Amino acid sequence: MFGIGLYRTYSAFTFDFLGGVNGALITALAIRIMVGIGWFSLFRRGGKNPWLAFAPLVGPYQAFRLVWDDFSMAGIFAATTLVAFTNACGVDYPIINACAVINFVLWWFMSLLTSMCFQVNIIVGFIYGGVPWLGAILMGFWPAWNYKGPWSSDPNADQNVSAKERKKRRKKAAKAAKNAK
């Protein structure tokens, strides 16, 4: 989300009225806040607590779980987002750079899955991946898009079966519910 090399780009700028704060830190915080605003609306549409969008580890975790039903990849995404934030603030070690690259790949994966799960044009998914602060706002506040649920890598999930099989499962579930009464 924060881009690799953000510190090298914005570190020359300092804000003296804020006590000499580095420009990269201000840029990273601004990006995170704008993505949080977009996620706020996405979380509300997805039935999650929207205020979690601003939480450091929980927000990225919930955003990833909103589009892919895999808790381990969501955990990796949340952890690497936090590490990528430290990279954007100027911490430069090989392991942190590796985590930032992993976060970059997972961010793109998540942005394209978000366009699929919220039934959005793939072009908006590419905007969300390339320009997170703009893409998150577009994804979150566009009025006509609906949430259809997370993508699942489970081979028995409804999205991985034919329409005929889904209809058969619905009838079987309705029959079981009727017999339970």
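Asp70 counts as buried because its relative accessibility is 17% (buried, under 20% relative accessible area; exposed, over 50%; partly exposed, in between; 1.4 Å probe, protein chains only). The structure is a predicted model, in which local features need pLDDT of at least 70 and side-chain atom pairs count only at pLDDT 80 or more, while totals for chains, interfaces and linings use all residues. Residues are numbered from 1 along each chain as its sequence is written, and side-chain values use heavy atoms, with hydrogens and water left out.

Asp70 is located in the loop between H3 and H4 (helices are DSSP runs of H or I with at least four residues, strands are runs of E with at least two, and both are numbered from the N terminus). Its side chain makes a polar contact of 3.0 Å with the side chain of Ser72 (a pair of N or O atoms within 3.5 Å; within protein, one must be able to donate a hydrogen and the other to accept it, and residues adjacent in sequence count only if both atoms are side-chain atoms). Trp151 is 81 residues from Asp70 in sequence, with a C-alpha to C-alpha distance of 8.9 Å.

The count of salt bridges is 1 (a side-chain nitrogen of Lys or Arg within 4 Å of a carboxyl oxygen of Asp or Glu). Arg65 and Asp69 form a salt bridge through their side chains, at 2.9 Å from N to O. Arg65 is partly exposed, at 24% relative accessibility, and Asp69 is also partly exposed, at 41%.

The largest nonpolar core has 26 residues, of which Trp39, Leu42, Phe64, Trp107, Met110, Phe118 and Tyr128 touch the most other members (buried Ala, Val, Leu, Ile, Met, Phe, Trp, Tyr and Cys residues joined through side-chain atoms within 4.5 Å). Two or more residues each come from H2, H3, H4 (71-88), H5 (94-117), H6 (122-130) and H7 (132-141). H2 gives the largest share, 6 residues. Beyond its neighbours within four places in sequence, Tyr128 has contacts (heavy atoms within 4.5 Å) that include Trp39, Leu42, Trp107 and Met110.

Ala88 lies in helix H4 and is buried, at 0% relative accessibility. Its C-alpha atom is 10.0 Å from that of Ile26, 62 residues away along the chain.

Phe54 lies in the loop between H2 and helix H3 (58-67) and is partly exposed, at 36% relative accessibility.
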